[in-house]
Protein chains: 2
Amino acid sequence: MSTAATTPAPDDQARPESARRIVVVGGVAGGMSCAARARRLDETAHIVVLERGAHVSFASCGLPYHVGDEIGDAERLLVQTPQSLRAALDLDVRTGHEVTAVDLERRSVRVETAEGAFDLPYDALVLAPGARAIRPAVEGLDSPRVRTLRTVEDAVALRGLVDDGARRAVVLGAGFIGLEAAEALARRGVDVTIVELAEHVLPPLEHELAHLVTDELRSLGVTVRTGVAASAIEPGVDHDVVVLADGTRVAADLVVLSVGVRPSTEVFEASGIACEHGAIVVDEHGRTSAEHVWAAGDAVVSTDAVTGVRRPVPLAGPANRAGRLVADDILRPGTARPIPAPLGTAIVRVGGLTAATTGANRAALDRAGRAYRTLHLHPLQHAGYFPGASQVHLVVHVDAGTGLLLGAQAVGDDGVDKRIDVLATAIRAHLHVDDLIDLDLAYSPPYGQAKDAVNLAGMVGSNVLDGTLRLWYAEDLDQVRTEALLLDTRTVAEYATGHLPGSLNIPHTELRGRLDEVREAAQGRPVRVLCASGVRSAIAHRILTQAGLDSASLSGGMLTLRAALGDRASSTLVTPALVGA
Amino acid sequence: MSTAATTPAPDDQARPESARRIVVVGGVAGGMSCAARARRLDETAHIVVLERGAHVSFASCGLPYHVGDEIGDAERLLVQTPQSLRAALDLDVRTGHEVTAVDLERRSVRVETAEGAFDLPYDALVLAPGARAIRPAVEGLDSPRVRTLRTVEDAVALRGLVDDGARRAVVLGAGFIGLEAAEALARRGVDVTIVELAEHVLPPLEHELAHLVTDELRSLGVTVRTGVAASAIEPGVDHDVVVLADGTRVAADLVVLSVGVRPSTEVFEASGIACEHGAIVVDEHGRTSAEHVWAAGDAVVSTDAVTGVRRPVPLAGPANRAGRLVADDILRPGTARPIPAPLGTAIVRVGGLTAATTGANRAALDRAGRAYRTLHLHPLQHAGYFPGASQVHLVVHVDAGTGLLLGAQAVGDDGVDKRIDVLATAIRAHLHVDDLIDLDLAYSPPYGQAKDAVNLAGMVGSNVLDGTLRLWYAEDLDQVRTEALLLDTRTVAEYATGHLPGSLNIPHTELRGRLDEVREAAQGRPVRVLCASGVRSAIAHRILTQAGLDSASLSGGMLTLRAALGDRASSTLVTPALVGA
């Protein structure tokens with residue numbers, strides 16, 4: 001053992017004998033939030049941050065924008081340095097310091113650096129090691145042209161490859177980071193193919209919204225391949241070839257690996273700290289199974305606020321907030337707020353679109369066996385008569401019995417982040433869908449409508465729950481086509497732009513005078529109504545149901561149906577050309 | 001009496017004997033929402049909408065944008081017509097129909113039209129007459145150059161005056177409509193003076209935010225005169241002259257009167273319907289004192305959700321939602337949701353700025369005798385390293401004891417509407433300030449920060465309530481200057497751009513090593529710390545208070561102090577030129 005091995009960390013401040021040593025492993029989101037808060041609560045503590053990488057407190061979420069040259073200078077991604085943190089917060093921050101073991105009995109961590117190893121005792125230990133990229137079992141993944149996008153060095157390297165002439169890229173994985181990477185590369189003029197094993201891009205998003213994102217990616221020039229895995233990467237001299245499971249071969253000057261992350265916890269699990277599926281188990285204050293040891297961030301198990309499912313949630317916001325609350329529990333035991341269960345709120349910009357989600361999606365609710373209703377709306381983000389109005393494509397899931405808000409997603413050109421943040425607040429506050437009617441949101445023509453998109457979701461949801469409105473869904477289409485009369489209440493001109501074969505077209509404004517036609521066409525079958533977005537068909541439903549007909553309105557109308565059909569829309573709908581033929 | 005006088009309204013639909021007649025007085029926000037909802041609930045009812053004006057369902061909030069030519073075609077402001085409402089909703093909508101009396105015993109209204117008068121019986125009567133412009137006792141106000149901005153005709157006329165060469169305008173009243181009118185006229189190249197009796201523009205806004213709006217108005221070329229009334233308008237041949245109480249004379253080719261509105265209720269009060277200060281008294285379902293009579297919108301008394309104060313709230317959003325709930329109570333008695341108490345959420349665009357408010361302001365809380373704490377923050381709307389970052393100037397009021405959220409206001413270039421909507425949702429859900437820490441808001445660099453502005457407000461508020469952070473306020477400046485040491489923790493370069501005389505400058509990064517200097521300068525006095533925005537001074541406060549000093553941090557820092565001083569900032573702060581002198 002070198003002398004360094006038994007020397008505790010140096011500290012240039014004279015501290016009282018009683019000063020506690022708080023050791024934080026990991027210097028990015030959760031770890032650095034914890035260290036900063038700890039200092040604000042306790043001037044005397046010795047707070048050491050050990051980061052295995054070259055940088056602390058860097059802008060992890062900003063990396064794709066450096067690749068895409070929206071953030072030109074990589075220095076901008078370094079939000080803090082060990083020096084600035086020493087000056088402002090008297091933190092003892094050490095990069096290139098990797099923790100390789102924890103001795104829980106002796107309360108010390110083993111630290112390895114380029115200069116040697118040493119043991120560092122702690123009074124409180126905070127584990128915020130984060131996550132690292134999942135490396136799937138794909139042959140050739142160790143090619144030097146395969147890169148991840150997790151660190152500043154990764155971003156600089158990827159950008160360097162483009163600067164050096166890379167013109168073809170394959171992005172493996174179409175999650176949030178994958179989409180950001182694909183867009184960034186496309187912005188640089190790179191020919192991008194994105195490959196996703198799931199049936200659609202952004203797997204957490206509902207398919208009827210994800211297809212809008214696919215369309216946007218295509219408009220950026222990105223080739224989208226979903227429902228297929230990469231089976232091998234064949235390295236070459238000039239370029240690699242990515243081979244897909246269906247045999248497709250895609251030439252690539254670089255490959256971005258973004259199929260997800262997994263907690264970086266082997267060292268801690270081996271040291272005896274309880275883990276679950278590789279993630280550190282913590283209580284509501286971030287306490288691990290070991291005394292004097294806390295954990296926060298991407299490496300810990302969280303309990304989903306809606307479904308109760310236990311899983312790691314690798315998101316910067318919850319990590320930052322949890323780190324802060326861990327410091328509270330260390331320094332103010334017994335009084336700290338519990339770390340909230342995450343809603344998994346996430347957002348991504350793709351070209352001119354924004355896609356965002358909060359709370360549970362359909363798959364999570366199905367897995368949890370929850371009975372729920374889904375609402376689809378396409379309201380404008382601001383007054384229709386004001387320039388720049390565009391639609392917010394909104395999906396809201398509510399408890400089928402109580403109307404409790406369970407999850408929401410949205411895609412659109414503008415105003416998406418606002419509606420998702422309002423809905424995330426409403427879900428956190430345990431509001432029910434009819435409470436959304438009462439939200440007193442800021443209205444003037446540039447910002448919203450007198451009945452905001454969120455108010456409208458409340459009105460539709462309330463109508464659905466009390467039976468005023470009965471919905472049918474795009475997923476029911478095959479059954480509906482065999483068992484019901486499809487009544488299309490759009491105008492004759494809209495109908496001509498594409499409609500379901502066999503559907504009867506009666507504009508909603510003419511319906512009251514043409515009920516006999518409906519009865520005749522229905523021949524005792526139920527009537528399933530649709531329009532463009534679900535507004536006019538809901539009015540028609542009220543007319544039909546009060547006329548004694550078995551009626552229901554298509555949730556989200558043709559807009560949702562087309563998106564749900566995706567690439568099948570053209571073969572399912574009767575197009576004008578076919579009508580003419 | 002003509003035959004029309006005894007003939008009930010014609011109706012081209014054959015309705016069952018049992019069909020109810022619902023008569024709605026007023027065809028814009030509340031009235032039309034009520035009529036539309038009533039139809040969706042009841043296909044058989046005869047629903048008559050009586051509008052005294054020439055248009056129904058017009059875009060009242062869009063009028064200024066037609067004057068400013070952002071909405072070029074006035075037709076766009078006509079969202080619905082009697083014909084479209086007949087076709088879609090089978091409503092019997094009549095413009096140019098003024099109700100001049102209600103016979104509560106016989107259940108009928110007297111209607112006057114250009115063609116004559118008649119009585120119209122009702123089963124249910126809904127009063128949504130709205131409000132009209134207040135006309136203050138100013139001599140010369142009947143000059144034809146004095147206009148209001150309440151109807152489509154008003155907007156067309158104002159725009160016409162500009163088209164015809166009006167080049168100087170005075171806007172009386174700097175509330176929401178006044179500011180929109182001033183900006184619209186300035187966009188058209190008109191030389192605008194805006195006159196406000198209150199001490200600052202946008203009286204509902206806190207003064208430290210309002211000054212930011214004043215600066216923006218000035219940058220648009222608008223002359224802002226506050227704390228002064230118009231005393232007379234002197235008509236002339238070429239132009240009028242607006243005479244202010246301080247003797248200033250302003251030449252005007254047109255004058256916009258926008259000093260506020262008052263409920264238009266004389267007819268109904270005279271008919272025996274209970275009113276309070278001229279507004280119709282209703283219960284939580286919109287029921288008036290008279291059986292079978294409901295009311296909604298600008299003409300009714302509301303009970304403020306935070307302070308309990310009773311007053312009319314002339315806002316489009318609450319009116320629209322209340323109208324809908326009135327229809328529910330008429331047609332589904334006993335099951336309708338109560339009409340929510342309004343938060344008074346409002347928003348206005350002024351040049352590149354947005355200003356918005358929700359819940360109670362300082363004046364309302366003071367009047368209500370409520371003990372509260374105020375937080376000032378200036379966080380960025382999105383990641384600082386992402387292009388286009390700008391500050392959201394945020395004020396939040398919380399209950400001093402419980403931390404219950406009472407009100408919030410914000411001004412900034414971007415992201416203001418989102419934060420106010422999130423806070424309006426939080427207030428409606430009765431959240432406390434520390435609950436804001438836990439909101440799981442959508443974060444990626446183009447949309448927010450890992451700790452969103454709203455999360456940060458929660459953290460600051462929580463610190464204030466539990467004593468971790470002690471604040472002092474810009475309003476305390478005079479007292480602080482006489483009794484305390486002012487410690488400015490900005491950098492030396494920032495300090496040189498303007499600082500308080502007598503303040504000691506120690507950058508926060510040097511404070512730990514220079515505590516003796518602070519003690520020496522303080523000579524036993526309290527230390528009152530400040531920085532640019534309140535972030536660094538809060539860190540300094542923690543250092544000082546743990547060193548045993550009596551310390552407090554300036555809420556909102558120099559940014560808030562400068563705005564609170566307004567035009568007095570230049571004489572209060574020591575500027576570099578004076579330092580050099």
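In chain B, three strands make up an open antiparallel sheet with the order β13-β14-β15; strands are DSSP runs of E of at least two residues, and helices are runs of H or I of at least four residues, both numbered from the N terminus. Two strands are taken to pair if DSSP finds at least two bridges between them. The edges are β13 (230-234) and β15 (249-252) of chain B, each of which pairs on one side only. Neighbouring strands of the sheet are turned by 25 degrees against each other on average, direction ignored, with axes fitted as lines to C-alpha atoms (for helices over the stretch in contact) and angles running from 0 to 180 degrees between N-to-C directions. β13(B) is joined by four bridges to the antiparallel strand β14 (residues 240-244) of chain B, and B:Ile233 lies opposite B:Val242 of β14(B).

The model is predicted, so that local features need pLDDT of at least 70 and side-chain atom pairs count only at pLDDT 80 or more, whereas totals for chains, interfaces and linings use all residues. Residues are numbered from 1 along each chain as its sequence is written, chains are lettered from A and ligands numbered from 1 in the order in which they are written, and side-chain values use heavy atoms, with hydrogens and water left out.

Chain A is divided into domain 1 (3-132 + 263-331), domain 2 (146-259), domain 3 (352-465) and domain 4 (471-580), with bounds from an automatic or database domain assignment. The centres of domain 1 and domain 4 of chain A, taken over C-alpha atoms, are separated by 57 Å.

Strand β29 (residues 485-488) of chain A directs A:Leu485 and A:Leu487 one way and A:Leu486 and A:Asp488 the other, and all are buried (under 20% relative accessible area; exposed is over 50% and partly exposed in between, with a 1.4 Å probe and protein chains only). β29(A) pairs in the parallel sense with strand β31 (residues 527-530) of chain A over four bridges, and with strand β30 (residues 504-505) of chain A over two bridges. A:Asp488 has A:Leu530 in β31(A) as its bridge partner, while A:Leu487 stands opposite A:Leu504 in β30(A).

The largest nonpolar core holds 80 residues, of which A:Leu405, A:Leu436, B:Leu405 and B:Leu436 touch the most other members. Such a core is a set of buried Ala, Val, Leu, Ile, Met, Phe, Trp, Tyr and Cys residues joined through side-chain atoms within 4.5 Å. Another core, of 48 residues, lies apart from it and includes A:Val201 and A:Leu205.

Positive phi values occur in residues other than glycine. For A:His292, phi is near 70 degrees; A:His292 lies in the loop between β19 (279-280) and β20 (293-295) of chain A and is partly exposed, with a relative accessible area of 28%. B:Leu202 has a positive phi of about 45 degrees and is buried, with a relative accessible area of 1%.
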